[in-house]
Amino acid sequence: MKHQSPALAGMCAIVLGGILAGCSSPRPVAPPVSMAEQSRFQTANIPAGSAGEEIRKGKLIFDETPKYASAYVGNRLSCVDCHINSGTMPHASPMIDMANIFPMYNKRAGRVISMQERFQECFARSENGSPPPLNSEAIQALTAYVDWLSKDGVKGKAFPGRGFAKLPNLTGNPVQGIAIYAVQCSECHGGDGAGVPPIIPALWGPNSYNDGAGMNDPAKMAAFLVPTMPQNNPGSLTPQQAFDVASFIHTMPRPKFNEAYKHY
Ligand code: HEC
Ligand code: HEC
């Protein structure tokens, strides 16, 4: 279902979250850009013609990566599983305006990289696969899609909702995290963390990201979780609960990063 109308599903989730979270616990992160404003990135607004076709292809790869870029994917995760609503949700590491801030310095690589090299990095780590060549259809089409998401932006200027939530630097308690997981996460992601791919992604095990991925850092996962999860009540986790459940997930097994790709 999420692949048919991710924007709509996200909108319902956000509205529902706002109601269920209630007034007692203010949402820690208010989206700086309204959902209405984001609707400019609906598929219907992609231009016609061959340029539009390349953009649509890129969006398909983004939303169903194991299906449309299978050669470079080693698990069952799609870009959209972490970059929510086809990369348009604020604070869920959106791709809006991304093309305007590359090339940029990358700490992991220790050098300035292009946006295409950043895509390769998520293939090698988050997708537990291999970096597609720069001239591959996968990289070219993803570039067309993200360029389109960046068309209204200003060169050098980041989207206001770039990255994840900003949280205090807390220490997670994995034992507390087990209880949170059982009550708030396992109904969807399963007691075994395997999810139901491609509808619900795995959180650990062979179909998850590898131990070289950004999500393998509990602080980063916590910052992802606060605005996005649980998907049926986002905004309901406190930063401490997010750190607790992320540090529990961090104790579970997952694929090993292939050191051959350490320059990505
Ligand atoms: C398992 C979750 C996950 C998946 C799947 C994933 N990513 Fe990411 N991605 C992340 C995280 C986490 C970060 C932030 C990493 C960091 O800060 O170290 C990130 C960062 C990025 C960035 C840089 C964003 C910025 O603001 O600097 C780009 C571009 C990107 N990913 C593209 C992709 C593409 C394209 C795909 C699919 C081929 C993909 N990602 C799949 C988790 C994921
Ligand atoms: C109602 C079902 C549902 C619940 C409950 C839920 N999730 Fe998710 N989760 C999803 C879906 C679906 C996605 C894929 C992104 C999207 O479509 O929103 C996802 C994505 C994720 C991701 C990023 C992708 C990956 O596989 O690494 C993480 C991490 C995550 N969820 C953790 C959690 C945690 C922790 C909880 C409990 C606090 C939770 N989720 C509760 C449905 C759910």
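N128 is buried, with 25 other C-beta atoms within 10 Å, where a residue counts as buried if 20 or more other C-beta atoms lie within 10 Å of its own, as exposed if 12 or fewer do, and as partly exposed in between, the C-beta atoms being placed from the backbone. This is a predicted model, in which local features need pLDDT of at least 70 and side-chain atom pairs count only at pLDDT 80 or more, while totals for chains, interfaces and linings use all residues. Residues are numbered from 1 along each chain as its sequence is written, and chains are lettered from A and ligands numbered from 1 in the order in which they are written.

N128 is found in the loop between α7 (115-124) and α8 (137-149), helices (H or I, at least four residues) and strands (E, at least two) being DSSP runs numbered from the N terminus. H91 is likewise buried, with 24 other C-beta atoms within 10 Å, and is found in the loop between α6 and β1.

| Residue | Phi |
|---|---|
| N128 | near 45 degrees |
| H91 | near 65 degrees |

Which peptide bonds are cis? The bond from F102 to P103 is cis, with omega near -5 degrees, and P103 lies in the loop between α6 (84-87) and β1 (104-106). The bond from M229 to P230 is also cis, with omega near -10 degrees, and P230 is found in the loop between α11 (218-228) and α12 (239-250).
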